[in-house]
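Try each task before you read its solution.

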Amino acid sequence: MTYLEIEGVNYLSGNIEISGAKNAALPLIVSSILAKNEVKISNVPNVADIKTLFNLLQNLGAYCEFKNNNAIINTKTLKKTIAKYDIVRKMRASILALGPLLARFGNCEVSLPGGCAIGQRPIDLHLLALEKMGANIQIKQGYVVASGNLKGSEIIFDKITVTGSENIIMAAALAKGKTRLINVAKEPEVIQLCEVLKDSGLEINGIGTDEIEIIGTDRELLEFKDIQVIPDRIEAGTYLCAGAIVNSQISISKSNPSHLSSVLSKLDQMGFKTLIEKDVITLLPAKQIYPIEILTSEYPGFPTDMQAQFMTLALKANGTSIIDERLFENRFMHVSELLRMGADIKLNGHIATVVGGKELNAADVMATDLRASSALILAALAAKGTSRVHRIYHLDRGYENLEEKFKSLGAKITRLEE
Ligand code: UD1
C-alpha cells in the first residue's frame, strides 16, 4: 500500500494554487442529470471522489469526459436509474444522485451509503423531504427504492444538512410547483449549486439565506451554462495551517478569502496575521502561538472539515486549547495517532482538551478519514525525524496534487509503496 514519508521539522515557504472545491464539484456534476444540454464544468479537482462520481454517472449511461480539470457531461443517454452499492460505498456523497434521478425519471434505486469513519451520518432528512414531496420510499436490500412524481412542498430541515439541502434543491428543481425549504445549509458549495441552477433558467429565490423558494419545472430539463467550480476553502485552510504549524510565511493563490472568514479569524486569534490581496492570502509567522477555543458548526461558523488541522496546530500553542466537535460524533480518530507522536490531548465525549507546547516526535501513523489524514501530514512536518503516514488513499479522495503542492512549499515529502 502507498504511504507518505515526511521529514520534519520542515519550514515552508513559497506559494501554491488552490484547486477547485471537491464538495462544490460533486453536486454540480450530479446536477447535470437535470440538464437538457451538454454541461461543461471547469476547475474540477482531479481527486478520487470526483472520479468515483464520473464512474457512477457513466454506469447509469451518461457521457463523461474529464481532462485537465475540465469536465464535459451529457446525461441525454442516461437510461439506468440504479446507483450500485459498489460505487456508492466508495463515496457517501453518491447519495446526491437520489434527488435528481427521482425528479427526472420518477423512480430510482440508490444504495444506502452506510456508516463511515467519522460517524453514523444518516440520510433520514433527505428521505423525509422527498416523502414530503410525494415520493414513495422503501428500503430494500440496502437500497433506497424511490418512486413517484415529485410535487412542490414546504420542507423544514430539523438539522442543517449540506448534501441533504443540495439533494432536495435538485429534486425541487424538476418537481411540479413551488417548494419552500426552511433551515437550508448556507455553505458556499450550496450557494454555487443554487446559482448554477438559477443561471440555467430555474426560478429560485432566497439564495444564500436559510429559506429558499424554488418553482419546479414539472420535469422540464434545464439549459445549463458553462460552470467554473469555486476554490476549495478546506484545501486553502489546510495549507494555511501547514504554514502555521511550522511558523513559516507561505501564500496561497486562486482562493476565495471571503469563504475563509472563520478560519482566518481563528488563525488571527492564535497570533497568525494574514495579508489578503484579491485571491491571494499570505500567512505571516506568529511571534507567539496562543491557545484557542473552537466550536464546529455550520457555515459561516467554524467548519468541522478544519477541526483536525486546527487541533494539530493547537499542539504548538502556548497553553491549553478546547475543541468542541458538534457535527460528527466520531471525528476525533486522529487523536490516537497524534498521541503516538507525543501530543497531549484528552477526550471527553465531543470535547478535546489540547495541551500545547510539547515537542512532537516522528512516528508511523495511520490516516483514518480525509481531513484527519491531512492533520497527520501537518503533525509530521512539525515533528522531529521521519514520519510515515499510512493509508493515504483517504487523502487522495480530496486533495489534488498533494505531494507536488507540499514539495513546492519546500516540504520533504515522498510517496512510497510498502
Ligand atoms: C458535508 C460535507 C462534509 C462536511 C459536512 C459538514 C460534502 C460532500 N460533504 O457532508 O465534508 O464535513 O457537510 O459540513 O459536501 N444529518 C442527519 N440526517 C441527515 C443528514 C445529516 O442527522 O439526513 C446530520 C449528520 O449526522 C451531521 C449533521 O447532520 O451531524 C450535518 O451533516 P451534513 O451536513 O449532512 O454532512 P454531509 O452533507 O454528509
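Buried means under 20% relative accessible area, exposed means over 50%, and partly exposed lies in between (1.4 Å probe, protein chains only). The model is predicted, so local features need pLDDT of at least 70 and side-chain atom pairs count only at pLDDT 80 or more, while totals for chains, interfaces and linings use all residues. Residues are numbered from 1 along each chain as its sequence is written, and side-chain values use heavy atoms, with hydrogens and water left out.

**Exercise 1. Classify Asn-23 by its relative accessibility, then list its contacts.**

Step 1: Asn-23 has 29% relative accessibility, so it counts as partly exposed.
Step 2: Asn-23 sits in helix H1; helices (H or I, at least four residues) and strands (E, at least two) are DSSP runs, numbered from the N terminus.
Step 3: Contact means heavy atoms within 4.5 Å. Setting aside neighbours within four places in sequence, Asn-23 contacts Glu-166, Glu-189 and Asp-305.

**Exercise 2. Find the residues that UniProt lists for "binding site", and describe Lys-22.**

Step 1: The unreviewed UniProt entry lists Lys-22 and Asn-23 under this feature. UniProt positions follow the numbering used here, feature names are shortened, and annotations may be inferred rather than shown by experiment.
Step 2: Lys-22 belongs to helix H1 (residues 22–31).
Step 3: With 6% relative accessibility, Lys-22 counts as buried.
Step 4: Beyond neighbours within four places in sequence, the contacts of Lys-22 include Pro-45, Asp-49, Asp-232, Arg-371 and Arg-397.

**Exercise 3. Work out whether Thr-282 is buried or exposed, and what it touches.**

Step 1: Thr-282 lies in strand S17 (residues 280–283).
Step 2: Its relative accessibility is 16%, so Thr-282 counts as buried.
Step 3: Not counting residues up to four places away in sequence, Thr-282 touches Gln-249, Ile-250, Ser-251, Lys-273, Thr-274 and Leu-275.

**Exercise 4. Count the aromatic pairs and describe the ring geometry of two of them.**

Step 1: Rings of Phe, Tyr and Trp (its six-membered ring) pair if their centres lie within 6.5 Å; planes under 30 degrees apart count as stacked, over 60 as edge-to-face and the rest as tilted.
Step 2: Searching the whole structure gives 3 aromatic pairs.
Step 3: The ring centres of Tyr-239 and Phe-406 are 4.9 Å apart with planes at 50°, so this pair is tilted. It links distant parts of the chain, with Tyr-239 in helix H8 (residues 233–245) and Phe-406 in helix H14 (residues 402–408), 167 residues apart. Both Tyr-239 and Phe-406 are buried.
Step 4: For Phe-302 and Phe-310, the centres are 5.1 Å apart and the planes at 90°, so the pair is edge-to-face. Phe-302 and Phe-310 are both buried.
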